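Terms get their cut-offs where they come up.

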Amino acid sequence: MEVIKPDGVFDRHHEWDDLVRFVGDRAPGVRIGVVRGRRRHGKSFLLEHLCDAVNGVYTVALRQSRAMALARFSDFLSQSLGYRLGTFQDWVTALDTAVDALSHRPGTHPPLLVLDEFPYLIDHSPELPSAIQALYDRRGPRKGHPPFKLILCGSAISIMSTLLAGDQALRGRAVLDLRIGPFRFRDAADYWNAPPQTAFLIDAVLGGAPGYRDIVGDAPAPGEEGFFRWLEHSILNPSHILFTEPDYLLAEDPRIRDRAIYNAIWWAVAMGATSPTQIGGLVGMDAKALTYHLNVMRDGGFIRSEQDLLRQRRPTITIADPAVRFHNLIVQPNISALELRHARDVWDRSRKTFSDKILGPHFEEAARAWVRWYGAETGLDDIGQVGTTEVACREHRGHEVDVVAISRTAQARSKGARITLLGEAKCTGKARTMADLRRLEHIRDLLTGLGWDAEQARPALFSKTGFPSDLKAAAADGRVHLVDLETMYAPHRDDLA
């Protein structure tokens, strides 16, 4: 079945194709799909357009009682069907009625029902997954019933990610598990219609979540003053919804009741704490006492645990959402001044923090993303996993490598894995020099001496401000990669991932 993606849906080509393939499957019986992703990533927007395209029924739950939710569900169905349904007393009856009614509605596509904000329903109706299981068991693919598609969608990642896991009721009964993430940085630049320098600043502050543009408006005007004015009117404005964005994000997860400890964890990670012990030291709790809270934040997609690509060591904890990092480093420490509308003073004294703790780490993340997604454009044709590592060195007390890639056939943390790229990413006004290249070559020699297959690893330097002539000359033969913002945001948009 071919369903053309509407012009109003930006990007999301793969996601749209996956959804269309799912809803267009005419195999008999009820088929279940799960769509999950963080708030403001465009899940609901995409599913609403899908329902419009195939005459499906889109319903969205609210935070309300069980009886009110069942009544709201009946109202949605009645409006879509054009005639009034009765009141439902339980979800088994509600779902059976929905399938029967929608299956008899004329149309060219298999009937589709979307239950958005599904975790809100589970909160007061924990039996709902079992009711869907019963529906599937009665009307599934092997029962000979007409085709019917049911999509469950939600922003509470910790809830949605466990729907299909372990001994859960829906385990083994879904055929679609679609994760909607933020835009890649090039797509985000197109979405904001912003040049590389401006697009990078937006990405460092808000990431690639498309929903932020709906509430912020256009991209900032070029230059430092234009960027400040954009911040002043949005995320630094106490009247703006983004001023308290972390609280809204935490509210997505029904397991989070006391938000104070979770906000404290976010703050500690933003300040540079990367392990449970370091986080506990900053928030005043024992590392073991933090285990539950850290697991909740990992499951919810609020923090990430990133493994060293080459070494067996404890993972590094980082913040998943740039907007949260900006809030904890810039907004939260200056809340009183911002509430007094002293945004200019706050911004002036926060510039170094913004440069060192926001732009720097974000540029390193963007460099790794460029290698993974777009490196093939410049001849990097054997890129497998991409990450970071630390290399022991008696002479220099060790080296942190911002970007390291291994071959497609290599396994991470497997001694002897073939290393195909070693990179350094610096987001400063200082130009890169031949010393940076020699450092990478030195690290390559160290890794080779330690038993890694690194002799052919290509050095790569990433710089926000470009490169001097001697480095360009050294890179003329193609064995050294020099990557600036213009290269990272190059107009070539073919998806090579």
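I count two strands as paired if DSSP finds at least two bridges between them. Helices (H or I, at least four residues) and strands (E, at least two) are DSSP runs, numbered from the N terminus.

**Entry: source and confidence.** I am working on a predicted model, in which local features need pLDDT of at least 70, side-chain atom pairs count only at pLDDT 80 or more, and totals for chains, interfaces and linings use all residues. Residues are numbered from 1 along each chain as its sequence is written, and side-chain values use heavy atoms, with hydrogens and water left out. I looked up pLDDT, the predictor's confidence in each residue from 0 to 100: the chain has a mean of 92, and 99% of its residues reach 70 or more. Over residues 493-497 the pLDDT stays under 50. For that stretch I find ten contacts (heavy atoms within 4.5 Å) beyond four places in sequence.

Entry: I find four bridges between β2 and β3 (residues 112-116), which run parallel, and Tyr58 has Val114 in β3 as its bridge partner.

**Entry: the mixed sheet.** I then looked up another open sheet of five strands, ordered β8-β9-β10-β11-β12, with mixed pairing. Its edges are β8 and β12 (481-483), each with a single partner strand, so one side of each lacks a neighbour in the sheet. Here the twist averages 30 degrees from one strand to the next. β10 (residues 419-426) and β11 (residues 458-463) run parallel and are joined by six bridges; Lys426 has Ser463 in β11 as its bridge partner. α18 touches β8, β9, β10, β11 and β12, and its direction makes about 20 degrees with that of β9.

**Entry: the second largest pocket.** On a 1 Å grid over the protein atoms alone, a pocket is an open set of points with protein on both sides within 12 Å along at least five of seven lines, a cavity is a set where a 1.4 Å probe fits but cannot get out, and lining residues have an atom within 4 Å of a point. Points are joined across faces, edges and corners, and a volume is the space filled by probe spheres set on them. I get about 890 Å³ for the second largest pocket. Of its 32 lining residues, Thr274, Thr316, Thr318, Glu364 and Glu400 are the closest to the centre. α18 gives the largest share, six residues.

**Entry: cavities.** How many cavities of 30 Å³ or more does the structure hold? I find two. The largest has a volume of about 100 Å³, and Val60, Ala61, Ala69, Phe73 and Leu121 are the closest to its centre among 13 lining residues. α3 gives the most to that lining, with four residues. The second largest cavity holds about 50 Å³, and its lining includes Trp192 and Tyr489.

Conventions:
Axes fitted to C-alpha atoms, helices over the stretch in contact; angles between N-to-C directions.
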